[in-house]
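User: I should like to learn how to read helices, their packing and the core in a structural model. Please take me through one feature after another.

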Amino acid sequence: MDVNHSGTDDAVKGMLAKLSTLWKTRAAVNQPQPDYWGLAFDANKNDFSHSLLPFRNHQAWLEAPKDLQSKCMSYAWGIYNLKTIYIECNVVVPACEDIIKTPPQSHNRALLQDVMSQALLDEALHTRMSIMACNYIYDMRQLTPLDFSAFNLVTWREALLANCTAEWERRLTRFGIACASETLITDYLKTMAEDSTIQSVCHEVTRTHAMDEWSHSSVFSFVATDIVNGLTRKERLYLRSIILRTVQMFANNEMGAWARVFDMLGLPNGNEILHDVGDNNEISVYTDSLEALVNRIGLAGNGLESAEQAVEQLRERASA
Ligand SMILES: [Fe+2]
Ligand SMILES: [Fe+2]
């Protein structure tokens, strides 16, 4: 495909070069690793932010015995991190690999590969931090680790890829979900990263991760801008619909994982909670970031409807 946007190319080139240089000093992977495990463990503190529990106001939860509530909060940390690990390994890493192995036609080819290989290293560290922080909590609380792999975000992504009929669709699907994820993960991590009342290790690990993800949001935005420059209108529309639809997987309550936990713990009336709460959570936490992303990377205007209209349609579909 002919790429002829030298003005935008130069602007993107400048930003990618800047981000690549910043990574060498800012990224957690380039800093001495803090001794998270040396932080004081306080058995009376929650291992997770209560405000993020999808069933926090359900009567059966409010009436549950205190020791089971505490165990659920530890498993909430487990589910949250396992979901994070799936985002890293199954969503973000494949998109980094696509660009490293077969970069898009661009004047910024080498820089795209450079920043994506940096992101790949970051995600490997985040995966390591998440798994260690999960196991630390399981050890301290003497809980059986949760094994769960059927996260909705994974099954949804796989179903979308299976339905693609062309390689360009598969590639844009992988990139679109990753690009949206890299913007939304900052919102996903925000509450835990800012909640200093929770277990110190949980707070600190999430805070470090959130700081890296601020940079990734920029990296993926500039990589996306470069890619969008070379797309046809049809491809742009496709990429935009993928990015917008990704929000639902972030907002998903992942009640399948909770069903496993309730079963392990024998939570009284757990089935009632599962039935009443359901999978679909409020998407409004994420829609501002999504709207900004669509505008930033050139997927609104120029013959495409505005980001605001697109997000509004998404909201209507989510509440239908
Ligand atoms: Fe990450
Ligand atoms: Fe990331």
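Analyst: Helices (H or I, at least four residues) and strands (E, at least two) are DSSP runs numbered from the N terminus. Helix H13, residues 307–319, holds Leu 314. This is a predicted model, in which local features need pLDDT of at least 70 and side-chain atom pairs count only at pLDDT 80 or more, while totals for chains, interfaces and linings use all residues. Residues are numbered from 1 along each chain as its sequence is written, and chains are lettered from A and ligands numbered from 1 in the order in which they are written.

User: Is Leu 314 buried or exposed?

Analyst: A residue is buried if 20 or more other C-beta atoms lie within 10 Å of its own, exposed if 12 or fewer, and partly exposed in between, with C-beta atoms placed from the backbone. Leu 314 is buried, because 20 other C-beta atoms lie within 10 Å.

User: Which residues does Leu 314 touch, not counting those up to four places away in sequence?

Analyst: Two residues are in contact if their C-beta atoms, placed from the backbone, lie within 7 Å. On that basis Leu 314 touches Leu 244 and Val 247. Leu 314 and Leu 244 are 70 residues apart in sequence, yet their C-alpha atoms are 7.3 Å apart in space. Leu 244 is also one of the buried residues of H8, including Arg 236 and Leu 239.

User: How is the length of H8 checked?

Analyst: The expected span of a helix is 1.5 Å times one less than its number of residues. For the 13 residues of H8 (residues 233–245) this gives 18 Å, and the end C-alpha atoms are 18 Å apart, which agrees.

User: Which residues have the most contacts inside the largest nonpolar core?

Analyst: In soluble globular proteins, nonpolar side chains tend to be buried together. A nonpolar core is a set of buried Ala, Val, Leu, Ile, Met, Phe, Trp, Tyr and Cys residues joined through C-beta atoms within 7 Å. Here the largest core has 83 residues, and Val 115, Val 223 and Val 247 have the most contacts inside it. Helix H3 (residues 66–101) supplies the largest share of this core, 14 residues. Beyond its neighbours within four places in sequence, Val 247 is in contact with residues including Ala 180, Ile 283 and Leu 314.

User: How do H3 and H6 pack?

Analyst: Two packed helices are described by the angle between their axes and the distance between the axes. Axes are lines fitted to C-alpha atoms, for helices over the stretch in contact, and angles run from 0 to 180 degrees between N-to-C directions. H3 and helix H6 (residues 167–194) pack at about 125°, with axes 9 Å apart. Angles under 35 degrees count as roughly parallel, over 145 as roughly antiparallel, 65 to 115 as roughly perpendicular and the rest as oblique. H3 and H6 are therefore oblique to each other. Their contact involves, among them, Ile 87 and Val 91 of H3 and Phe 175 and Ile 177 of H6.

User: At what angle do H6 and H7 pack?

Analyst: The angle between H6 and helix H7 (residues 200–229) is about 150°, with axes 8 Å apart. H6 is therefore roughly antiparallel to H7.

User: Where is Gln 142 found?

Analyst: Most residues other than glycine have a negative phi, and most peptide bonds are trans. Gln 142, although not a glycine, has a positive phi of about 55°. Gln 142 lies in the loop between helix H4 (109–141) and helix H5 (152–163), and is exposed, because 8 other C-beta atoms lie within 10 Å.
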